[in-house]
Amino acid sequence: MNRLLNDEIYIGEASIFNYKLFDTGWGFPAALPADKEEIYGEVYAVSEEKLREIDLIEGAYDRVTSRVYLKDIEQALWADLYVWRGGLEGLRPIEGGVWK
């Protein structure tokens, strides 16, 4: 996914509360709502055109807007997150909330 973001503006590392990451076993993670859990990732400023391109790739996910907390400046902002729309069957929890 990051290669798609090469031309986009990197904002920083962030965390999102009330989500948990799972390993799908297919080389990509799945984020699902989960009370008292936290996941970590990167935030980019993405053009509308690039966002539509990513939407096509992320077909097994729903794009939702969530409040994220930037690590280095301790500031919150709203960002889009792709949430897994499948079930939990076959998914393995990723402890610590960080995808490799």
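The chain carries 11 positive and 19 negative side chains, and the centres of these two sets are 3 Å apart. The model is a predicted one, with a mean pLDDT of 92 for the chain. One helix and five strands make up its list of elements, and their order from the N terminus is β-β-α-β-β-β. The chain's radius of gyration is 13 Å, close to the 13 Å that the globule rule gives for 100 residues, so the chain is as compact as a globular protein of that length.

**Confidence**

- A pLDDT of 70 or more is reached by 99% of the residues in the chain.
- Confidence is lowest in helix 1, residues 48–57, where the mean is 91.
- Confidence is highest in strand 5, residues 92–93, where the value is 96.

**Overall form and surface**

- Taken along the principal axes, the box filled by the C-alpha atoms is roughly 35 × 30 × 20 Å.
- Of the 100 residues in the chain, 35% are buried.
- The chain exposes about 6800 Å², and carbon and sulfur atoms supply 51% of that area.
- Among contacts between residues at least 6 apart in sequence, 64% join residues at least 24 apart.

- A14 lies in strand 1, which covers residues 9–23.
- A14 has a relative accessibility of 8%, so A14 counts as buried, the cut-off being under 20%.
- Leaving aside neighbours within four places in sequence, A14 is in contact with I39, Y40, G41, V43, V68, Y69, L70 and K71.
- Of these contacts of A14, I39, Y40, G41 and V43 fall within the range of strand 2, residues 29–45.
- Others in the list, V68, Y69 and L70, fall within the range of strand 3, residues 61–70.
- A14 and D72 are 58 residues apart along the chain, and their C-alpha atoms are separated by 8.4 Å.
- S15 is also found in strand 1.
- The relative accessible area of S15 is 9%, and therefore S15 is buried.
- Apart from neighbours within four places in sequence, S15 is in contact with E38, I39, Y40, V68 and Y69.
- Both A14 and S15 have I39, Y40, V68 and Y69 among their contacts.

- N18 is found in strand 1 and has a positive phi of about 70°, although N18 is not a glycine.
- N18 has a relative accessible area of 41%, so N18 is partly exposed.
- K36 lies in strand 2, and its phi is near 60°, a positive value in a residue other than glycine.
- K36 has a relative accessible area of 83%, so K36 is exposed, the cut-off being over 50%.

**Helix 1: K50**

- K50 is found in helix 1.
- With a relative accessibility of 14%, K50 counts as buried.
- Not counting residues up to four places away in sequence, K50 touches L4 and E8.
- K36 and K50 are both lysines, but K36 is exposed whereas K50 is buried.

**Strand 3: V64**

- V64 is found in strand 3, residues 61–70.
- The relative accessible area of V64 is 27%, so V64 is partly exposed.
- Neighbours within four places in sequence aside, V64 is in contact with Y19, A79, D80, L81 and V83.
- Of these contacts of V64, Y19 falls within the range of strand 1, residues 9–23.
- V64 and V43 are 21 residues apart in sequence, and their C-alpha atoms are 14 Å apart in space.
- V43 is one of the residues in contact with A14.

Note on methods
Residues are numbered from 1 along each chain as its sequence is written. This is a predicted model: local features need pLDDT of at least 70, side-chain atom pairs count only at pLDDT 80 or more; totals for chains, interfaces and linings use all residues. Side-chain values use heavy atoms; hydrogens and water are left out. pLDDT is the predictor's confidence in each residue, from 0 to 100. Helices (H or I, at least four residues) and strands (E, at least two) are DSSP runs, numbered from the N terminus. Buried means under 20% relative accessible area, exposed over 50%, partly exposed in between (1.4 Å probe, protein chains only). The radius of gyration is taken over C-alpha atoms; the globule rule is 2.2 Å times the number of residues to the power 0.38. Contact means heavy atoms within 4.5 Å. Accessible areas come from the Shrake-Rupley method with a 1.4 Å probe; for residues, only the protein chains shown count as cover. Lys and Arg count as positive and Asp and Glu as negative; His and the chain ends are not counted. The place of a charge is taken as NZ of Lys, CZ of Arg, CG of Asp or CD of Glu.
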